[in-house]
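Student: I have a model open and would like to take a close look at one part of it. Could you walk me through it step by step?

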Amino acid sequence: MNEISPARIGVIADTSLQRHVLQQALSANGYNVVLNCDPARIEEADLTAAQADLWLVDLAQTEDSPLVNALLERDSCPVLFGEGHAPERHSEHYPRWERRMFGKLKRLVGDPSRVVGPRLEVLHGDAERATRLSLPGPLLAAAESISGEPAREVWLLAASLGGPEAVKAFLDALPVGLPVGFVYAQHIEASFESALSQAVGRHSEWSVNQSRANDLIRCGEVVVVPISEEMGFDKNGAMSLSGRCWPEPYSPSVDQMMLNLAQQFGNRCGVIAFSGMGSDGSAAAAYVLRQGGRVWTQRAESCVCSSMPDSLREGGYSSLSGDPRELAQALVNHFAQQASRPVAALQLDNP
């Protein structure tokens, strides 16, 4: 498998707090920070030795700075100035700042999520089959009757780096026969979109499909959210394709997909954030909860990269965390509890 190296970023900032936050943000989004230094302690030779693909500079004073002049005179890589004070990671302003900065970095030095596609080769070569969980009695009795029917609940599976492996493990463990369908938003290059469906559904009983305009999400299926255009839902809950790109910098945008899902399905939706870079999803999580939806996250120790689920946990949005199999078991338990409740209560919950 050919490894794709992340872009190398050099950071020059004149406050230790700004250097710390930039280091965390860049690393969480998949970039390689090769130098992070106070301008007073850096020599021109350090600029050459770093071999950076881009310099991120945040200085109170840039005019007549020998260091800045030396950077600008170099033809080897771009320099990005003055992205403003980085908010604390837990701040409500952080997601907007992050999206703005990483939208620029993506255009200048490439998208870190391009490393995800080549990793699919590992899944195609994996012959191991996980033991599938069993359906409890109340769900088993209704399993055949709901197959292919419109999903009573629709849940979003959201992921970035390490996501295909985690989502596959989740689906491999999850039995069909649940009154749910999924939409799967994965940060990945468009050229790998069809390979993604094949890789994550390889050993699963779940049908992994591409999106279909004007059709409903069905029980027993996983719909891969399109990368090239925004997907939403019409007033009847059918999938709709807008023809417009997702809001930058993510394709697809987990935040936007969460908003679209919760607006239509309310308390009949949920979100599971698997392994991934950045904090995509944090800006919309509060809205999902206000609409009555649920937010669950993959536990950090089981992630290839835990930044995405970490940001939801740190924001106080996640009500449950586990590894992929534990999350599958929690979802089975969720529907088993529903099945054991009186019919009147279910009707109140699902108008």
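Student: With which side chain does the side chain of E153 make a polar contact? Please start there and then show me what surrounds that residue.

Tutor: Happy to! Keep in mind that this is a predicted model. The partner you are asking for is W155: its side chain and that of E153 make a polar contact at 2.8 Å. E153 belongs to strand β5, which covers residues 153-159. This glutamate is buried, yet it has no salt bridge. The nearest side chain of opposite charge belongs to R294 and is 4.9 Å away, while a salt bridge needs a nitrogen and an oxygen within 4 Å. Setting aside residues up to four places away in sequence, E153 touches P179, V180, G181, R268, H334, F335 and Q338.

Now let us step back to the sheet that holds β5. An open sheet is formed by 7 strands in the order β7-β8-β6-β5-β11-β12-β13, and the pairing is parallel. At the edges stand β7 (207-210) and β13 (320-322); each has a single partner strand, so one side of each is left without a neighbour in the sheet. From one strand to the next, the twist averages 25°. You can find Q210 standing opposite V224 in β8. Helix α9 (residues 254-265) packs on this sheet, where it touches β5, β6 (180-186) and β11 (269-273). The direction of α9 makes about 175° with that of β5. Another helix, α10 (residues 282-290), lies across β11 and β12 (294-298) and runs at about 135° to β12.

A search of the whole structure finds 14 salt bridges. One of them joins R132 and E205, with the closest N and O atoms 3.5 Å apart. R132 sits in the loop between α5 (120-125) and α6 (137-146), and E205 in the loop between α8 (193-200) and β7, so this pair ties together parts that are 73 residues apart in sequence. R132 counts as partly exposed at 29% relative accessibility, and E205 counts as partly exposed at 43%.

Next, look at R218 and D215, which form a salt bridge with their closest N and O atoms 3.1 Å apart. R218 is partly exposed, with a relative accessible area of 27%, and D215 is partly exposed at 22%. Then there is the pair R299 and D323, whose side chains meet in a salt bridge at 3.8 Å, N to O. R299 lies in the loop between β12 and α11 (307-314), and D323 in the loop between β13 and α12 (324-339), so the pair ties together parts that are 24 residues apart in sequence. R299 is partly exposed, its relative accessible area being 27%, and D323 counts as partly exposed at 22%. Salt bridges that share partners also join R212, D215, R218 and E221 into one network.

To finish, turn to another sheet. Here 4 strands form an open sheet in the order β2-β1-β3-β4, with parallel pairing. Its edge strands are β2 (32-37) and β4, each of which pairs on one side only. Neighbouring strands of this sheet are turned by 20° against each other on average, direction ignored. Strand β3 (residues 54-58) pairs with β4 in the parallel sense over 3 bridges, and W55 has V79 in β4 as its bridge partner. Helix α1 (residues 16-28) lies across β1 (8-13), β2 and β3, running at about 175° to β2. Helix α4 lies across β1, β3 and β4 and runs at about 150° to β3.

One last stop is G84, found in the loop between β4 (79-81) and α4 (94-109). G84 is partly exposed, with a relative accessible area of 29%. Leaving aside neighbours within four places in sequence, G84 is in contact with Q18, D58 and W97. From G84 to E314 the C-alpha to C-alpha distance is 23 Å, and these two residues are 230 residues apart in sequence.

Conventions: Residues numbered from 1 in each chain as written. Predicted model: local features only at pLDDT ≥ 70, side-chain atom pairs only at ≥ 80, totals over all residues. Heavy atoms only, no water. Helix = DSSP H or I, 4+ residues; strand = E, 2+ residues; numbered from the N terminus. Buried < 20%, exposed > 50% of the residue type's maximum accessible area, 1.4 Å probe, protein only. Lys, Arg positive; Asp, Glu negative; His and termini not counted. Polar contact = N/O pair within 3.5 Å; in protein donor to acceptor, adjacent residues only side chain to side chain. Contact = heavy atoms within 4.5 Å. Pairing = 2+ DSSP bridges. Axes fitted to C-alpha atoms, helices over the stretch in contact; angles between N-to-C directions.
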